[in-house]
Amino acid sequence: MITYSQACNLNLYATLYLKLKGGTMKKILLSGSICLTIGMISCGGSSRGLSADIPVFNTVTISVVKAEPSPLNSDVLVRLTLPAQVRSEQSTGCSTTVRADDVCIGIDYTTDNLTLTFKSETIKNAQGLPVTPNPSSVLVEKYRVSFTGCIPGVYEFPVNQMVLPDTETAVGIQPITQDMKRAMVQPAQYTYIGQDGCPTTFNAIDYPSLCSAVANFEFSTLELNSGIRRTIKYSIAVRFADFSDQDQCTIR
């Protein structure tokens with residue numbers, strides 16, 4: 001690529017040539033516009049456009065360099081033990097109800113947390129020097145998230161966190177909410193087998209399968225000094241399941 005200085009040197013030579021040959025002012029202005037156009041494309045070796053991967057502002061570039069955890073294992077259901085009435089063995093069969101404290105029919109939902117690391121770097125010229133001694137901070141305003149499967153729709157959440165120039169800043173978000181998980185579950189039945197061997201069936205909630213998806217994020221960002229807005233895109237893998245933890249009861 002021709003640099004700004006090279007383009008302007010070519011323009012100078014072309015202008016002098018046109019003057020010596022009696023060229024018109026129209027030709028001189030045309031050569032000047034070529035210099036200006038090339039200079040806008042490459043001025044001092046720094047890009048001013050929107051990169052496919054790293055959004056470029058006037059003074060800094062911003063990118064997401066890390067996500068934790070990745071992949072994200074999203075536990076759709078938190079199973080709890082609750083007291084319940086179960087049938088007890090009698091001489092005539094399982095007909096009498098008694099209290100039990102270990103029936104796994106309680107359900108809770110959690111919101112998943114994700115931490116992304118945003119990296120800011122001051123733009124440098126062809127000599128490797130910063131283009132400005134006062135690079136700007138960038139505000140991460142909000143984000144939109146959609147999933148390739150498992151969860152339909154597009155969701156938007158506020159962030160409002162600052163990324164200072166030439167830093168790595170951890171930004172915490174909650175991309176999968178309790179309401180999303182409630183929409184994913186389905187009715188089921190849970191059978192409790194007592195110590196006497198008598199079964200008792202309860203209505204319950206279940207999420208029987210593993211569902212894999214990709215979460216696609218679009219972060220809206222603002223360079224404070226210039227007012228320029230850019231969108232940062234980032235994706236991670238997500239696995240939805242009823243994961244079993246040691247502090248949860250297990251469905252029988």
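Colleague: In which loop is Leu224 found?

Modeller: This is a predicted model, in which local features need pLDDT of at least 70, side-chain atom pairs count only at pLDDT 80 or more, and totals for chains, interfaces and linings use all residues. Residues are numbered from 1 along each chain as its sequence is written, and side-chain values use heavy atoms, with hydrogens and water left out. Strands (E, at least two residues) and helices (H or I, at least four) are DSSP runs numbered from the N terminus. On that numbering, Leu224 sits in the loop between strand 11 (211-223) and strand 12 (229-241).

Colleague: Is Leu224 buried, partly exposed or exposed?

Modeller: Buried means under 20% relative accessible area, exposed means over 50%, and partly exposed lies in between (1.4 Å probe, protein chains only). Leu224 has 42% relative accessibility, so Leu224 counts as partly exposed.

Colleague: What accessible area do Met162, Leu164 and Leu224 have together?

Modeller: A patch takes residues with over 30% relative accessible area and no salt bridge, joining nonpolar side chains (Val, Leu, Ile, Met, Phe, Trp, Tyr) within 5 Å and like charges within 9 Å. Areas come from the Shrake-Rupley method with a 1.4 Å probe, and for residues only the protein chains shown count as cover. Met162, Leu164 and Leu224 form a nonpolar patch on the surface, and their accessible area together is about 260 Å².

Colleague: What is the strand order of the open sheet of 5 strands?

Modeller: Two strands pair if DSSP finds at least two bridges between them. The pairing in this sheet is mixed, and the order is 2-12-11-6-7. Strand 2 (72-75) and strand 7 are the edge strands, each pairing on one side only. Within the sheet, strand 11 and strand 12 run antiparallel, joined by 12 bridges, and the order as a whole reads 2-12-11-6-7.

Colleague: Which residue in the turn between strand 6 and strand 7 has a positive phi?

Modeller: Strand 6 (residues 138-147) and strand 7 (residues 154-163) are antiparallel and share 8 bridges. They form a hairpin with 6 residues between them, and the turn residue with a positive phi, of about 75°, is Cys150.

Colleague: Which residue forms a salt bridge with Glu156?

Modeller: A salt bridge needs a side-chain nitrogen of Lys or Arg within 4 Å of a carboxyl oxygen of Asp or Glu. Glu156 lies in strand 7 and its partner in strand 6, so the pair ties together parts 14 residues apart in sequence. The closest N and O atoms are 3.6 Å apart, and the partner is Lys142.

Colleague: Which residues does Thr177 touch, not counting residues up to four places away in sequence?

Modeller: Contact means heavy atoms within 4.5 Å. Thr177 is in the loop between strand 8 and helix 3 (178-182), and counts as buried at 19% relative accessibility. With the residues up to four places away set aside, Thr177 touches Thr110, Thr111 and Phe157.

Colleague: What separates the C-alpha atoms of Gln186 and Asp206?

Modeller: Gln186 is found in strand 9 (residues 186-193). Leaving aside neighbours within four places in sequence, the contacts of Gln186 are Ala204, Ile205, Asp206 and Pro208. Gln186 and Asp206 are 20 residues apart along the chain, and their C-alpha atoms are separated by 5.5 Å.
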